[in-house]
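Please read this briefing alongside the sequence and the structure shown below.

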Amino acid sequence: MQHDDHTRLFMQHRPVLRRLAYRMLSCVSLAEDAVQETWLRWHSADVTQIESAKAWLITTLSRICIDELRRLKREQSVYVGPWLPEPIFTEDEAPDPADILARDASIAMALLVLMERLSPEERAAYLLQEVFENDYKSIAVTLGKAEANCRQLVHRARVRIEEGKTRFTAPTQLKNELLAKFASACLSGDLSALIATLAPDVNLVSDGGGVVKAANKPVYGVRAVSRLVMGIRKTIGTGYYALLKRINDEFGIVGYAPDGRIEYAMTFALSEQGVTSIFVVNNPAKLRQLDSGWLGPS
């Protein structure tokens, strides 16, 4: 195979690799590193012995991500405060129409948070089967396990994900209405209106990484969450502003400093009962790639 063909094949499958890597690692920089490492291994591989470039690349990337997830689990055990996935803007994406539903279902912040509960192998098997529609035979090859074991991995992951999904199942229109009311209440400082948007078991998780001020543990309940949100509002200085943006394919709120620097990204899990979870990322390291358009056309 000519070098140009070698490169062309990799670039053809690179968008899929990027989407899988982000869903696996919930971090743009780590996902990019995983894709780059996959390229290096592909570049040095004997492609004459490879039957399917796509299968080889997905297998290689998945194994790299599984190793990285194991390292991340150890790192998160000493992380200061709660750990949240790294958010990204998705409004500029132009995916294949066939990928829209899969993408919507698999990069919402609430779902990424749920996937953090899975083992690295469960997460890989779940994504490969549920999102990328790989059959169990190919998943078995990718993970180096028997097909029966892979079915069990997917089953366990699916059960845990579905159990958590009950906290954010609501029609899109209702979600948008709830978020609009939440944002309006925050902007006006109307505590009663804010409380009316919250589910009885609402919780707020903030990730400052020990670098900036943030709650060092999740906050639970309408009273505590509403007071914290209003308290945050009161600490914002002159010239600061917030915008509704599509973050991880759902509407969220992004706060900006007067110089245009992103201060925080706030995303939500919403159900028919109201706002069930609020995720606030203000760790500067996790906001650097927010507007990179990393999952966009490439």
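**Salt bridges and a surface patch**

Lys165 and Glu162 are 3 residues apart in helix 8 (residues 147-165), so about one helical turn separates them; helices (H or I, at least four residues) and strands (E, at least two) are DSSP runs, numbered from the N terminus. This is a predicted model, in which local features need pLDDT of at least 70 and side-chain atom pairs count only at pLDDT 80 or more, while totals for chains, interfaces and linings use all residues. Residues are numbered from 1 along each chain as its sequence is written, and side-chain values use heavy atoms, with hydrogens and water left out.

**Salt bridges within helices**

- The structure holds 15 salt bridges, a salt bridge being a side-chain nitrogen of Lys or Arg within 4 Å of a carboxyl oxygen of Asp or Glu.
- One of these joins Lys165 to Glu162, where the closest N and O atoms are 3.6 Å apart.
- Lys165 is partly exposed, with a relative accessible area of 22%, and Glu162 is also partly exposed, at 41% relative accessibility; buried means under 20% relative accessible area, exposed over 50%, and partly exposed in between (1.4 Å probe, protein chains only).
- Arg71 forms a salt bridge with Glu68, and here the closest N and O atoms are 2.4 Å apart.
- Arg71 and Glu68 are separated by about one helical turn because they are 3 residues apart in helix 3 (residues 53-76), and Arg71 is partly exposed, with a relative accessible area of 30%.

**A buried pair and a network**

- Lys286 forms a salt bridge with Asp207, with 2.6 Å between the closest N and O atoms.
- This pair links distant parts of the chain, since Lys286 lies in the segment after strand 6 (274-281) and Asp207 in strand 1 (residues 198-207), 79 residues apart.
- Lys286 counts as buried at 8% relative accessibility, and Asp207 counts as buried at 0%.
- A network of salt bridges links Asp67, Arg70 and Glu121.

**A nonpolar patch on the surface**

- Ile232, Ile236 and Tyr240 form a nonpolar patch on the surface, with about 220 Å² of accessible area together.
- Patches are made of residues with over 30% relative accessible area and no salt bridge, like charges being joined within 9 Å and nonpolar side chains (Val, Leu, Ile, Met, Phe, Trp, Tyr) within 5 Å.
- Accessible areas come from the Shrake-Rupley method with a 1.4 Å probe, and for residues only the protein chains shown count as cover.
- Ile236 lies in the loop between helix 11 (222-235) and strand 3 (241-247), and at 35% relative accessibility Ile236 counts as partly exposed.
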